[in-house]
Amino acid sequence: MAGSEVVNAQVEAVIDLEAIAHNVRVLREYARGAAVMVVVKGDGYNHGAVEVARAALAAGAAELGVTTIAEALRLRRAGITAPILCWLNTADADYAAAIAADIEIGVSSLSHLRAVAAAARGIRRTAIVTLKVDTGLNRNGIASDEYPTVLAALHMLVDEGVVRLRAIFSHLAHADEPDHPFLDVQRERFVAAIAAAEAAGLRTELAHLANSAATLTRPDLAFDMVRPGIAVYGLPPVPGLPDFGLRPAMTFQAKVTLVKWVAAGEGVSYGHQWIAPRDTTVALVPAGYADGVFRALSGRFEVLIGGQRHPNVGRVCMDQFVVDLGDNPADVTEGDTAVLFGGVPGAPGAQDWAELLGTIHYEVVCAPKGRVTRRHTGG
Ligand SMILES: Cc1ncc(COP(=O)(O)O)c(C=O)c1O
């Protein structure tokens, strides 16, 4: 996505940093004294990692979480000095750069730990390491059979001063189902992993397990710090529950480029999937699948223009789609703003797109791309 240096952008993802700050404050209340690490991976869930990080830290977040070293370094280069954890790197990643920038490295295997230690020795600096333990997601994280070996190796590295052990963390498999019994299983395994580290003579400063859903619904999983992502961006993480007072931060919008009359019986857009049932007026919106408007939404979604919802008709193309204005009672004209989804009252939400597409709102807010200009407000 382009930065906000673009003037008069046709298609925008407008990010409300006041909403980010508000959501962080909501999460801090639910965290009940546990610190809040705000997850800004994936360029802040496509909201702009640096801007979101600054707004979140100003609103009381204590730390930041990302996936890769490159993401963490970008935050450091932007002048952010708060603790940053990154947790998904290959064994040949640039650990020396991470260590030199005081970035905390989440370690998921013995080979990762060895690579981090080699990098620390190479630059004669102590690496800050956090153990990522697999408690049942069976994705990233130290496997239970390798855990004792990692603890033994870590103990030696801590004694040598090559590594400082900061924290231990894990990730939940069923957080969006607050009553799921596997949450308790993972809690027990996590507590056992902390105890095993202590029994191996290792002292951690922090333990953290809860993502957004667990932060908001399972206070028993908060430990010392919570690690929310999606809720920071204002999207409620548990389907079917109220929105916890969160405010969506992203509004995806475009300027109407053309308004014109179409005669009854005329087909609209490729393949003439929609034939005008009467004389009508249509508006052309200059956003398509190259911008993150999924083609699978063709003929199934609505946009908000001038306070009214209007349906898309015909296929979504690479660069544009058409909406039917009927008699155009609100007098929509060229240059008006069409809201595709977002926090504007009356507009469809990211969750509406998610339901139409059979996906989750996480993927929807990650969709705006390419020519879309990201613009931050309220920071
Ligand atoms: C390790 C880890 N912690 C926290 C999060 C934040 O999760 P959520 O966005 O559901 O709050 C993620 C996101 O997937 C993650 O991978």
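Buried means under 20% relative accessible area, exposed over 50%, and partly exposed in between, with a 1.4 Å probe and protein chains only. This is a predicted model: local features need pLDDT of at least 70, side-chain atom pairs count only at pLDDT 80 or more, and totals for chains, interfaces and linings use all residues. Residues are numbered from 1 along each chain as its sequence is written, and side-chain values use heavy atoms, with hydrogens and water left out.

**View A. Ser269 sits in the loop between β12 (267-268) and β13 (274-275).** Helices (H or I, at least four residues) and strands (E, at least two) are DSSP runs, numbered from the N terminus. Ser269 counts as partly exposed because its relative accessibility is 23%. Its phi is near 70°, a positive value in a residue other than glycine.

**View B. The loop between β17 (321-326) and β18 (337-341) holds Asn328.** Asn328 is not a glycine, yet its phi is positive, about 55°. At 13% relative accessibility, Asn328 counts as buried. Ala330 is found in the loop between β17 and β18 as well. With a relative accessible area of 41%, Ala330 is partly exposed. Ala330 and Leu246 are 84 residues apart along the chain, and their C-alpha atoms are separated by 31 Å.

**View C. Nine strands form an open sheet with mixed pairing.** The order is β11-β14-β17-β16-β15-β18-β10-β1-β19. Two strands pair if DSSP finds at least two bridges between them. β11 (258-262) and β19 (373-377) stand at the edges. Each has a single partner strand, so one side of each is left without a neighbour in the sheet. From one strand to the next, the twist averages 35°. Here axes are lines fitted to C-alpha atoms, for helices over the stretch in contact, and angles run from 0 to 180 degrees between N-to-C directions.

**View D. Strands β1 (residues 11-16) and β10 (residues 250-255) run antiparallel.** Five bridges join them. Glu12 has Gln253 in β10 as its bridge partner. Thr251 also has its place in strand β10. Thr251 is buried, with a relative accessible area of 10%. Contact means heavy atoms within 4.5 Å. Not counting residues up to four places away in sequence, Thr251 touches Glu12, Ala13, Val14, Val339, Phe341, Gly342, Gly343 and Val344. A polar atom of the Thr251 side chain lies 3.4 Å from the backbone nitrogen of Gly343.

**View E. Both faces of strand β5 (residues 104-107) are covered.** In a regular strand the side chains alternate between the two faces of the sheet. Glu104 and Gly106 lie on one side, Ile105 and Val107 on the other, and all are buried. Strand β4 (residues 84-86) runs parallel to β5, joined by two bridges. Leu85 stands opposite Glu104 in β5.

**View F. The largest nonpolar core has 123 residues.** Such a core is a set of buried Ala, Val, Leu, Ile, Met, Phe, Trp, Tyr and Cys residues joined through side-chain atoms within 4.5 Å. Leu75 and Phe321 have the most contacts inside this core. Helix α1 (residues 17-31) gives the most to it, with eight residues. Leaving aside neighbours within four places in sequence, Phe321 is in contact with Ala283, Leu284, Val285, Ala287, Val293, Phe301, Val303, Asn312, Val316 and Leu340. Another core, of eight residues, lies apart from the largest one. Val262, Trp274, Ala276 and Val322 are among its members.

**View G. Gln186 has its place in helix α8 (residues 181-199).** At 0% relative accessibility, Gln186 counts as buried. Its side chain makes a polar contact with the side chain of Thr135 (2.9 Å). A polar contact is a pair of N or O atoms within 3.5 Å; within protein, one must be able to donate a hydrogen and the other to accept it, and residues adjacent in sequence count only if both atoms are side-chain atoms. Beyond neighbours within four places in sequence, Gln186 is in contact with Thr135, Gly136, Leu137, His171, Leu172, Ala173 and His174.

**View H. Around the ligand there are 14 residues.** A residue is near a molecule or strand if one of its heavy atoms lies within 4 Å of it. Lys41, Tyr45, Ser212, Gly229 and Tyr362 come nearest. An oxygen atom of the ligand lies 2.6 Å from a polar side-chain atom of Tyr45. A polar backbone atom of Gly229 is 2.8 Å from a ligand oxygen atom. For Ile230, a polar backbone atom is 2.8 Å from an oxygen atom of the ligand.
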